[in-house]
Amino acid sequence: MKFLRDLMDKQRPLFEKGGKLESLYYAFEAGETFLFSPNHTTGIKGAQVKDAIDLKRMMITVVIAMIPCLLFGIYNTGHQSLLATGETAGLWDNFGDKAIIGLTLVLPIVIVAYAAGGLVEATFAVIRKHPINEGFLVTGMLIPLVVPASTPLWQVALATVFAVVIAKEVFGGTGMNILNVAMTARAFLYFAYPAQISGDQVWTYLGEKTAVDGFSGATALAVAYNAGVDGVPVVDALAEHNTVLGADVFSFSNLFMGWIPGSIGETSTLMALLGAAILIGTGVASWKIIVSGFAGAYLMGFLLNVLAVNEYMAMPPQYHWVMGGLAFGIVFMATDPVSASQTETGKWIYGLLIGVFTVIIRVTNPAYPEGIMLAVLFMNVFAPLIDYYVVKANKTRRLQRATV
């Protein structure tokens, strides 16, 4: 590392004031601070708050929490591909082939997302003459995890650029966005290119191969919705679906583990909960949002059971926890410290409503079988309003106590 440190020090004069590359100083500074701790200290006198955590370390912690979802998603991508073509049966059969297929599909998406978003971040940093923030370390990982492995790379790049510019930079950059950037990218893909992010044919990569007879590629949510339309109990429909593969693909335990078709990183509730443990244990994410989010989904599912007029509404509420991207969205999207509610009471309300709206959208909206994406973006918009009324109510209570 000393060699690299010496090389950076040697090149620094070119980027400092008066140097030939002065206009690119902040791009140089971003690379330097990513590799090494800053070698300058504040000149402000007086008392200061000191902490071991900073933005960079906070973002790295979130990335580490997503690694279980990423690794699982890579392997599951290969597993689903070979399962659909009849080349494997057991979970751990053909381990190497599955890992290679997953890496071949997933890593390019991750690289393209980071490259496209990083380019936008660097461009805005140079134009605005401010240091490059580390916020995109998380967003660059989140975007690949919420799209199918079959998504064209140019669409990943386009969605990333759109999300970073429209959802983040136009509001002032890191710490100023009102919408979750990764969810904005997914929403862009859904409305701009629905054929590549919806339907039954996009979740399992087949390449030039042909799927076995009877394989549909449908997700658990699609099966549940169709069961409601056909008047078949959802649990029975899930048990019967894809029996041609010789496995109970949509059993509750399989849904919880995540061995199902879906977006790269959001199929496994177990991996999402492991990430939640890391985020909560390090104090990076709010446990109140996570707990209230799951609670809201369960309570809404239970209420729909009581009011059920079709089989989808009658589906056991715990199935909403393990289907689609609800767990991943609540753990990694809803807890975004910028776009979420900031007050402690507001976090309970915010998370609860995300869970409630996710289930409502799933069950009552025939055009969109998922719900977490729209629920998170909707509540992002209302988070400041929630905080406003929480603070207002607190002020009112304190004034009443003061005047008694």
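**Close-up views of a helix pair and a pocket**

**View 1. The crossing of helices α6 and α7 is right-handed, that is, the near helix is turned clockwise from the far one by less than a right angle.** This is a predicted model, in which local features need pLDDT of at least 70 and side-chain atom pairs count only at pLDDT 80 or more, while totals for chains, interfaces and linings use all residues. Residues are numbered from 1 along each chain as its sequence is written, and side-chain values use heavy atoms, with hydrogens and water left out. The axes of α6 (residues 153–167) and α7 (residues 181–192), which are lines fitted to C-alpha atoms over the stretch in contact, come within 8 Å and cross at roughly 130°. The two helices (DSSP runs of H or I, at least four residues) are therefore oblique to each other.

**View 2. Residues of α6 and α7 form the contact (heavy atoms within 4.5 Å) between these helices.** From α6 come residues including Leu-158, Phe-162 and Ala-167, and from α7 residues including Val-181, Phe-188 and Leu-189.

**View 3. The largest pocket holds about 420 Å³ of space.** A pocket is an open set of points on a 1 Å grid over the protein atoms alone, where a 1.4 Å probe fits, with protein on both sides within 12 Å along at least five of seven lines, and lining residues have an atom within 4 Å of a point. Of the 27 lining residues, the closest to the centre of the largest pocket are Trp-203, Thr-219, Leu-221, Pro-369 and Glu-370. The largest share of this lining, five residues, comes from α8.

Notes
Axes are lines fitted to C-alpha atoms, for helices over the stretch in contact, and angles run from 0 to 180 degrees between N-to-C directions. Angles under 35 degrees count as roughly parallel, over 145 as roughly antiparallel, 65 to 115 as roughly perpendicular and the rest as oblique. Grid points are joined across faces, edges and corners, and a volume is the space filled by probe spheres set on the points.
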